[in-house]
Amino acid sequence: AVTYTESHDPEGGRLTFVSPQFQALLGYSPELPLAERGWWWGQVHPEERDRVQLANRTAFSRGTEFDQTYRMRKADGGWAWVRDKVRPVRDDDDRILYWQGFLVGVTERVETEERLREAESRFRTMVERIPAVTYTDHVGEDGVTVMGFVSPQIEDILGHAPERFLERAELWFEIMHPDDLARLRAIDAFNNADLEPFEQEYRMQHADGHWVWVHDTSTAVLREDGTLDYF
């Protein structure tokens, strides 16, 4: 991490020290931000500059910690995501002597999180558009199965909001036709220790009372060590 110190000024202090890691992180000599007041803000990405400067002024005026993630321009013209944390260092009388800062490169983490958000968004869009209900079942240490996710199409097919199934694990079986439930239990179809694919047709009761035939398929998703992760 880059360490730095800054003089105390409610309107924004002056940098008094920047450690050598600054050059490895952004490609600039650590003397550069010391020589020119305001240079640092000139390297903050324009889309984030106002937000970060406001947070900085607020922290300095209140004497509270500053903690922001933003982009800074590198010496080669590219952009690096950094996490910048600054806290006040006080004397025995609780007066602020100076500010101690730590600057860490987080580009890889931020880009990974963005890719995950994009992948989740694409997956959710796909799941919510196909003409079927997608769900996941998780088995707890007590052997009880709970739903981890059920797609919105469940309401179109059965008239019950997805949240009801997530909040009440028993609902799925409560609205299953008693004859079909007895038949499936007789063949031990709901045995969580059985990792073979499940494929059955049965009736479920719509919220308005009529019965709906459904085709239900479920596959075990395993961890790398071969144990069950979820269905």
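Visitor: Okay, which strands does H4 lie across?
Guide: H4 lies across strand S1 (2-7), S3, S4 and S5. Keep in mind as we go that this is a predicted model.

Visitor: And what angle does H4 make with S3?
Guide: H4 runs at about 150° to S3.

Visitor: What about H5, which strands is that one touching?
Guide: H5 packs on the sheet and touches S3, S4 and S5. Its direction makes about 120° with that of S4.

Visitor: Let's do the sheet itself. What order do the strands come in?
Guide: The order is S2-S1-S5-S4-S3, five strands in an open sheet with antiparallel pairing. At the edges sit strand S2 (15-18) and strand S3 (66-73), and each of those pairs on one side only. From one strand to the next, the twist averages 25°.

Visitor: How many bridges link S4 and S5?
Guide: Nine bridges, with strand S4 (residues 79-90) and strand S5 (residues 96-105) paired in the antiparallel sense. If you want a spot to look at, find Lys85: it stands opposite Phe102 in S5.

Visitor: What does Leu15 touch, skipping residues up to four places away in sequence?
Guide: Leu15 touches Tyr4, Thr5, Glu6, Pro33, Leu34 and Trp40. Take Leu34: Leu15 and Leu34 are 19 residues apart in sequence, and their C-alpha atoms are 5.6 Å apart in space.

Visitor: New topic: where's His45?
Guide: His45 is in the loop between helix H3 (39-43) and helix H4 (46-62).

Visitor: Buried or exposed, that His45?
Guide: His45 is buried, at 11% relative accessible area. Leaving out its neighbours within four places in sequence, His45 is in contact with Arg71 and Trp79.

Visitor: Last one. Which residues form the nonpolar patch on the surface?
Guide: Phe123, Met126 and Ile130 form that patch, with about 290 Å² of accessible area together. Met126 belongs to helix H5 (residues 107-129).

Visitor: Why does Met126 count as partly exposed?
Guide: Because its relative accessibility is 48%, and partly exposed is the range between under 20% for buried and over 50% for exposed.

Notes. Residues are numbered from 1 along each chain as its sequence is written. This is a predicted model: local features need pLDDT of at least 70, side-chain atom pairs count only at pLDDT 80 or more; totals for chains, interfaces and linings use all residues. Side-chain values use heavy atoms; hydrogens and water are left out. Helices (H or I, at least four residues) and strands (E, at least two) are DSSP runs, numbered from the N terminus. Buried means under 20% relative accessible area, exposed over 50%, partly exposed in between (1.4 Å probe, protein chains only). Contact means heavy atoms within 4.5 Å. Patches are made of residues with over 30% relative accessible area and no salt bridge: like charges are joined within 9 Å, nonpolar side chains (Val, Leu, Ile, Met, Phe, Trp, Tyr) within 5 Å. Accessible areas come from the Shrake-Rupley method with a 1.4 Å probe; for residues, only the protein chains shown count as cover. A salt bridge is a side-chain nitrogen of Lys or Arg within 4 Å of a carboxyl oxygen of Asp or Glu. Two strands pair if DSSP finds at least two bridges between them. Axes are lines fitted to C-alpha atoms, for helices over the stretch in contact, and angles run from 0 to 180 degrees between N-to-C directions.
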